[in-house]
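Here are my notes on the model you asked about. Have it open beside you as you go through the points.

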Amino acid sequence: MRLGFLPVLLVASADLGLAQQTIPSETAIAIPDLHIADSDLGDERKFFVFHKVGVSFAEARADIGFCSRFILRGQQRFLPDFVAWKQVDPANPIPNQLNYGLVGEVIMAIIAPAIDRSVRQTRMMRCMLPRGYARYRTSEALWKQINSSDLAASIEIQARIASGPVPPTPRTLP
Amino acid sequence: MSARILLAVLALAAVVAPAEARDTSDVFRPIRAGESITIRPDKAYLLIRIARRGTTQDPVILREPDSAESAAFEAARGAAFARKGSKGDIAAFVFDYAGTPNLFIMSHGKAIAGDKAEAMVLAEVRPGNYVLYGQGYANILYLCHCLGTVGFDAPAGIVTDLGTYLSDQAAKPSVYPELASESNIGPTARMDFILAVGGLVPAGQSASLPPGIERTLVKPASFHAIGPFVDPNVMHINRLAPIPGVLRYDGGKVIDVASGKEALPR
């Protein structure tokens, strides 16, 4: 097939390599102030943080990192097409932990136009909720702060929030 | 199909140049109403019913390629990626692949039989192992079942009955009770592009068949669970609804009910 130019819908590509970086300690990551005035809360469909009572920082980091595998969005696929289906290697499974090689252009998925942000948020929600996480409302400004251009750092801070005290803002259901 | 999904489809279609007509009937050919049916010993046949009370999106299937096919594709993709300047991530790179495709949509618009409640699609395909990959409309893969789905074998000379595919919106309660656990998840699933949900009801031994098909040639599919996989080239991701006796979930883990084992991510 031939594809036309998709100025808005075609977003983001990423370096999904496996380069290892130094993992910061949990205590080195400060939890931002999650107290947000009602008047500053953003669209509840889009601006939220994940939290799970009793989850450890390491578990939260693994869950958020795993689900971040799915936020990359490239060109739309049209049918018929070909997919190079990879077989599972039980001796070398995909680790349920943060891929510290997630860098570079994947950040476009985070800072891209709102339409892409909504798709990203839907994907994260769909992946995280079955893992037992709840969502709590936040402001657009704080959301952008914890979803910065540094994806690895963003995952760390979101894991701190997810494993920390219950956020004081209203919960978004379900 | 809902109006908002239709808008999304139109938005996508509007910016897509017409695909070059390619004859892929050797690997995927829907058999249309009124066509005489001959079950060839070198072909496999997939039969699926598409319920039409929900979003009526169509199931998308993937034939697992062999290593030679994948190697040929990877080589062609690498060359095309280089020609485009190697910008971005090759994993998300889409190009016009001239090789044999393995991802197809079983469109209710090409049904062999049906009515307002259900369309029945019969396709002649290459024998092999298949995956219920996702759902779409027209020639668009809208959603992948990337968070969990099922696979099945399609042997030669047999009509493999996949049962009935269900699709609906995830944001509101579904018209299908089989989708209850995956739907009514709220307004985040109803933003710019509506999140859909899919389910499958396996066929019973006495399921209705299209005219011209002998029941002795039909066998219900034997399904197994498929773990999470990544496809960046879709609008949304979701998981296939649980299927009693076949597919269940333990948190984010995909469980093959028959074996009791986790279907690992890939």
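1. Let's begin with a term: a disulfide here is a pair of cysteine sulfur atoms within 2.5 Å. In general, it is a covalent bond between the sulfur atoms of two cysteines. Searching the whole structure turns up two disulfides over all chains.

2. Before going on, a word on where this comes from. This is a predicted model, where local features need pLDDT of at least 70 and side-chain atom pairs count only at pLDDT 80 or more, while totals for chains, interfaces and linings use all residues. Residues are numbered from 1 along each chain as its sequence is written, chains are lettered from A and ligands numbered from 1 in the order in which they are written, and side-chain values use heavy atoms, with hydrogens and water left out.

3. Now look at the disulfide in chain A: C67(A) pairs with C127(A), and their sulfur atoms sit 2.1 Å apart. The bond links distant parts of the chain, with C67(A) in helix α1 and C127(A) in helix α3 (residues 114–128), 60 residues apart. (Helices are DSSP runs of H or I, at least four residues, and strands are runs of E, at least two, numbered from the N terminus.) The torsion about the S-S bond of C67(A) and C127(A) is about -75 degrees, so this disulfide is left-handed.

4. How buried is C67(A)? It has 1% relative accessibility, so it counts as buried; the cut-offs are under 20% relative accessible area for buried, over 50% for exposed, and partly exposed in between, with a 1.4 Å probe and protein chains only. C127(A) is buried too. Leaving out residues up to four places away in sequence, C67(A) touches M124(A), C127(A), M128(A) and R131(A), where contact means heavy atoms within 4.5 Å. C67(A) and M128(A) are 61 residues apart in sequence, yet their C-alpha atoms are 6.9 Å apart in space.

5. The expected span is 1.5 Å times one less than the number of residues. For the twelve residues 57–68 that should give 16 Å, and the end C-alpha atoms are 16 Å apart, so the two agree. The helix is mostly covered, with ten of its twelve residues buried; among them are F57(A), I64(A) and F66(A).

6. Over in chain B, a disulfide joins C144(B) to C146(B), at 1.8 Å from S to S. Its torsion is about -115 degrees, so the bond between C144(B) and C146(B) is left-handed. Both cysteines, C144(B) and C146(B), are buried.

7. What does chain B contain overall? It has two helices and 17 strands. Its radius of gyration is 18 Å, close to the 18 Å that the globule rule gives for 266 residues, so chain B is as compact as a globular protein of that length. (That radius is taken over C-alpha atoms, and the rule is 2.2 Å times the number of residues to the power 0.38.) Of the 266 residues, 56% count as buried.

8. Finally, the inside. A nonpolar core is a set of buried Ala, Val, Leu, Ile, Met, Phe, Trp, Tyr and Cys residues joined through side-chain atoms within 4.5 Å. The largest one has 66 residues, and L103(B) and Y133(B) have the most contacts inside it. Helix α5 (residues 151–163) of chain A gives the most to this core, with six residues.
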